[in-house]
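Student: Hi! I have a new structure on my screen and would like to learn how to read it. Could you walk me through it?

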Amino acid sequence: MSLFSRKVEQVPCTVEVSHRFEALHAHVRFNDGSVVHPGDEVLVQGPPVLAAWGEVISEDRTATITRATALERLWTRLTGDFEFMELCEFSFSEEMSV
Amino acid sequence: MNMHATTHEELAAEIGEQFDTDAMAQESTLLNPRFYTTDFDELDRIDVTPVRAEWDKLIGQMKSDPNKGHFKKNEDWDTVDWDNMDPKLKREFIDFLVSSCTAEFSGCVLYKEMKRRGNNPDICELFNYMARDEARHAGFINDALREAGVAVNLGFLTKAKKYTYFRPKFIYYATYLSEKIGYARYITIYRHLEQHPEKRFHPIFKWFKEWCNDEFSHGEAFALLMRTDPKLTESFVNKLWIRFFLTAVFSTMYVRDHARPAFHEALGVDIDWYDQEVFRKTGEIAKQVFPMELDIDHPRWMPNLKRMERAFRKMEAAEKQGGIGGKLAKLGAMSSAALAFAAIYTIPVKKSTPPASVRLEPAY
């Protein structure tokens with residue numbers, strides 16, 4: 001991990017999207033066991049994975065992980081907590097009028 | 001968990017026609033969850049031994065999956081007259097469905113990640129069941145959205161996602177409160193509609209009871225997790241954090257509920273009454289693990305909530321106004337919101353001692 005420059009990794013991944021009544025979910029799993037750390041950015045390559053209604057799609061793709069620099073990682077660890085309201089759920093969006 | 005649903009305009013520009021796989025869909029909304037990491041080693045170090053008996057019981061209950069058959073549409077799901085719904089109510093109700101769906105969805109993403117990254121079998125099992133429940137709820141709400149002609153787009157996976165970071169304790173406090181407040185919100189509406197069935201403008205409210213029981217047991221799991229380490233709720237600094245979380249969550253809920261007047265009017269719910277009721281229930285429940293309760297009957301409580309709500313309205317107006325005048329007005333509104341928050345935060349709390357046994361059952 002470098003202090004200033006970002007490292008970019010190409011990683012094989014499996015994308016699973018379920019668009020069913022029983023379950024609506026979407027997950028990315030890195031097949032080589034890569035893990036993401038605070039401040040890293042992940043981009044799944046290719047066109048959007050679009051599951052039609054009732055469908056579960058599981059696809060092998062490539063993900064680009066842009067590693068955060070040491071400074072960014074530190075910064076994200078120090079400041080991430082301030083965004084804690086993201087974790088809370090209020091039934092409505094934050095827009096004051098819809 | 002709160003997430004930002006992208007506005008419909010942004011979406012239309014972004015995905016255009018390519019997603020619409022459902023002929024009924026008149027609009028689509030992109031789920032845009034946030035992605036988090038946490039200290040997974042710390043999660044692995046959790047030892048549930050001190051609460052083992054209660055833990056096993058709760059996990060056993062989750063494993064038996066009592067609500068498995070509940071989230072199905074049956075004859076109770078009556079037809080909704082979307083076309084004749086008051087447009088303002090429809091907008092607010094769809095905002096409710098989309099926000100709830102994205103919240104469940106992002107809970108699912110977070111829990112699944114915790115399950116996948118963890119090596120502690122107790123923790124992995126718990127997060128696995130919770131991810132299952134959240135995906136199920138999300139699917140159920142999504143179906144209601146489809147009926148309303150709103151298609152949910154999961155195309156976010158192929159967009160760049162930045163991972164932010166929360167310490168585990170922040171996840172415990174925030175998700176514990178979210179789950180318990182969710183329970184209190186749903187059960188209060190459910191009980192209200194039992195008394196006033198004519199106000200039930202959509203069948204989804206009939207499912208609120210079992211739904212909120214899931215929320216309740218997720219909250220129980222976080223309560224047990226917090227009990228494994230007494231420092232989390234007993235140290236001086238952590239008590240200040242808990243107080244801060246309670247204040248922030250309650251006041252945000254107050255502001256957001258008041259921004260949805262048509263929704264509450266249609267249900268026949270007075271928002272001030274409803275919010276106080278939800279705060280009361282949540283506060284009472286949270287005493288199972290937090291050593292305090294906010295004094296929501298204190299003379300400074302309600303006036304400052306109202307002040308904060310006015311400040312948020314002014315902020316919105318100032319943003320629309322734009323220019324230097326708008327910026328100044330926004331700054332003024334922000335400081336007035338901050339003062340209101342401080343006035344609430346400094347209300348002396350009602351101290352309490354959590355009971356020896358942490359577990360609760362849904363009682364409202």
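**Reading the model step by step**

Tutor: Gladly! In chain A, 33% of the 98 residues are buried. Keep in mind that this is a predicted model.

Student: Which elements does chain A have, and in what order do they run from the N terminus?

Tutor: Chain A has 4 strands and 1 helix. Starting at the N terminus, the order is β-β-β-β-α.

Student: How do I read the radius of gyration of chain A?

Tutor: Set the value beside that of a compact globule. For 98 residues such a globule would have a radius near 13 Å, whereas chain A has 17 Å. Along its principal axes, the C-alpha trace of chain A spans about 45 × 40 × 20 Å.

Student: Which residues touch the most other members of the largest nonpolar core?

Tutor: That core has 115 residues, and those touching the most other members include Leu97(B), Tyr173(B) and Ala174(B). Helix α6 of chain B, residues 168–195, gives the core its largest share, 13 residues. Leaving out residues up to four places away in sequence, Ala174(B) touches Phe84(A), Leu87(A) and Cys88(A) from chain A, as well as Phe245(B).

Student: And at what angle do helices α12 and α13 of chain B pack?

Tutor: Helix α12 (residues 301–321) and helix α13 (residues 323–345) of chain B pack at about 165°, and their axes are 8 Å apart. Angles over 145 degrees count as roughly antiparallel, so α12(B) is roughly antiparallel to α13(B). The crossing of α12(B) past α13(B) is left-handed.

Note on methods:
Residues numbered from 1 in each chain as written. Chains lettered and ligands numbered in written order. Predicted model: local features only at pLDDT ≥ 70, side-chain atom pairs only at ≥ 80, totals over all residues. Core = buried A, V, L, I, M, F, W, Y, C linked by C-beta atoms within 7 Å. Buried ≥ 20, exposed ≤ 12 C-beta atoms within 10 Å, placed from the backbone. Helix = DSSP H or I, 4+ residues; strand = E, 2+ residues; numbered from the N terminus. Contact = placed C-beta atoms within 7 Å. Rg over C-alpha atoms; globule rule 2.2 N^0.38 Å. Axes fitted to C-alpha atoms, helices over the stretch in contact; angles between N-to-C directions. Parallel < 35°, antiparallel > 145°, perpendicular 65-115°, else oblique. Left-handed = near helix turned anticlockwise from the far one by under 90°.
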